[in-house]
Amino acid sequence: HGPFTELLDGSVKYDLIGGIGPNLLGHSHPLYIKAHLEAATSDTVMCGNLLSYRGPLDLTSEILSKVKNSRLKHFWFSGSGSFANDSALKMIWQKKAPHYKIIAFNQAFAGRSVATQDITFNPAYREGMPKTIDVSHVPHFNSKDPEGSIKATIGELNTLWNKSPGEYAAIMIELIQGEAGFVYATKEYYKAVFEWAKEKGIYIWVDEVQTFARTRELFAFQMFELDEYVDVVTVGKALQCCGTLFTEELNPKPGLIAGTFNGALSSIIAGQKIINYLTRGHFYGENGRIRHLENKFLNALEKLSTTSCKGKLNYSGGIGTMISFEVGQSDKESTIKFIKKLYENGVIAFMAGKTPTRVRFLLPLSLKDEHIEEIFSIIEKTILELF
């Protein structure tokens, strides 16, 4: 219930990964239960796209009503975040044919489908797989050199363009890179990259499968004030279902985008309720609950790094409910050892990144201040036991 989960051995732990993202509200939330009960009164389980029911229409209307400052006009359901990205790729390719090259960023993660595995930066995720997409990866933002980052990225983009002018279809970006340990840039950096793309006639494709609903605004692109630039945006996880938002220009020809399922009726009903709940509640903005949780965790991590855990907790960062930090030598071995011990002590976490490797939290909104105090007593105890 809430931030807690009970395991098969009877132990109760803080769940700070939320099934790698879906459980933004925590466990047993009344909205989840209500969605299940409403779905139970329907006549089927899975909602097929040829018999849509009311749920998909309500969810589509709800999500599109929240992006009115952008040019996004349509939404199409998919079975996973990877497939939402596949849909985006197909729409882009159809409009840009025969130019199919894609630009992505170092440390990018786009999914594990046949298409998205090539956009994903980590080669370990496509070991033994044939290369199917022509993808060029460019440097991402370096927080230690903001101005230099813009020059480095734009310089590499110009190099790619000069080698293959007119051959690139889109630039795909996660505004907050989850697999890299919640790496994100400044608004100025994103605007410089997007202005370059617009100048070249390249579509801007933003992956918000993990970031949707987790930043200081419903969409990360809204938090960075990038509404005017985005051409296609993919969402998933916290929405309880997945899909692709796109502009009228990218509206595909009949037959390109299809599939049997929109999703389970319970998840679609829950998605509409979640957007309604979050946007009408006090969650977003600089004084919202998500910003409060961000500050509580980052301030507590900073305090540990300068007091009892000095020299043992060397980095902390993140944004919204996406928090990361480094322990020990910031290497994979130290991080795995810490995560396993943290699990034994009562907190479930996971890791991200390679060099450095970071501990990663996806915080549930059901956390209360007393929960946070206990979580940090467990984090401190675990660090001191190991390092």
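In which order do the three strands of the open sheet stand? The order is S1-S2-S16, and the pairing is mixed. All the close-ups below come from a predicted model, in which local features need pLDDT of at least 70 and side-chain atom pairs count only at pLDDT 80 or more, while totals for chains, interfaces and linings use all residues. Residues are numbered from 1 along each chain as its sequence is written, and side-chain values use heavy atoms, with hydrogens and water left out.

**View 1**
Helices (H or I, at least four residues) and strands (E, at least two) are DSSP runs, numbered from the N terminus. Two strands pair if DSSP finds at least two bridges between them. Strand S1 (4–6) and strand S16 (347–348) are the edges, each with a single partner strand, so one side of each has no neighbour in the sheet. Strand S2 (residues 12–15) pairs with S16 in the parallel sense over two bridges; look for Tyr-14, whose bridge partner in S16 is Val-347. Contact here means heavy atoms within 4.5 Å, axes are lines fitted to C-alpha atoms (for helices, over the stretch in contact), and angles run from 0 to 180 degrees between N-to-C directions.

**View 2. Helix H10 against H11.**
The axes of helix H10 (residues 332–345) and H11 come within 9 Å and cross at roughly 130 degrees. That makes H10 oblique to H11: angles under 35 degrees count as roughly parallel, over 145 as roughly antiparallel, 65 to 115 as roughly perpendicular and the rest as oblique. The crossing of H10 and H11 is right-handed, a label used if the near helix is turned clockwise from the far one by less than a right angle, with anticlockwise giving left-handed. On the H10 side, the contact is made by Lys-337, Phe-338, Lys-341, Leu-342 and Asn-345; H11 brings residues including Ile-378, Ile-379 and Leu-386. The residues of this contact of H10 with H11 divide into six nonpolar, two polar and four charged. Ala, Val, Leu, Ile, Met, Phe, Trp, Tyr, Cys and Pro count as nonpolar, Asp, Glu, Lys and Arg as charged, and the others, Gly among them, as polar.

**View 3. Helix H1 against helix H8.**
Helix H1 (residues 30–40) and helix H8 (residues 265–280) have axes that come within 8 Å and cross at roughly 140 degrees. That makes H1 oblique to H8, and their crossing is right-handed. Among the residues that meet are Leu-31 and Tyr-32 in H1, and Ile-269 and Tyr-277 in H8. The contact of H1 with H8 divides into nine nonpolar, two polar and three charged residues.

**View 4. The hairpin of S14 and S15.**
Strand S14 (residues 313–319) and strand S15 (residues 322–327) run antiparallel, joined by six bridges. Ile-319 has Met-322 in S15 as its bridge partner. The hairpin has two residues between the strands, and Gly-320 takes a positive phi near 60 degrees.

**View 5. The seven-stranded open sheet.**
Here the order is S4-S12-S11-S10-S7-S5-S6, with mixed pairing. Strand S4 (72–78) and strand S6 (135–138) are the edge strands, each pairing on one side only. Neighbouring strands of this sheet are turned by 20 degrees against each other on average, direction ignored. Four bridges link strand S5 (residues 101–105) to S6 in parallel, and Phe-105 has Val-138 in S6 as its bridge partner.
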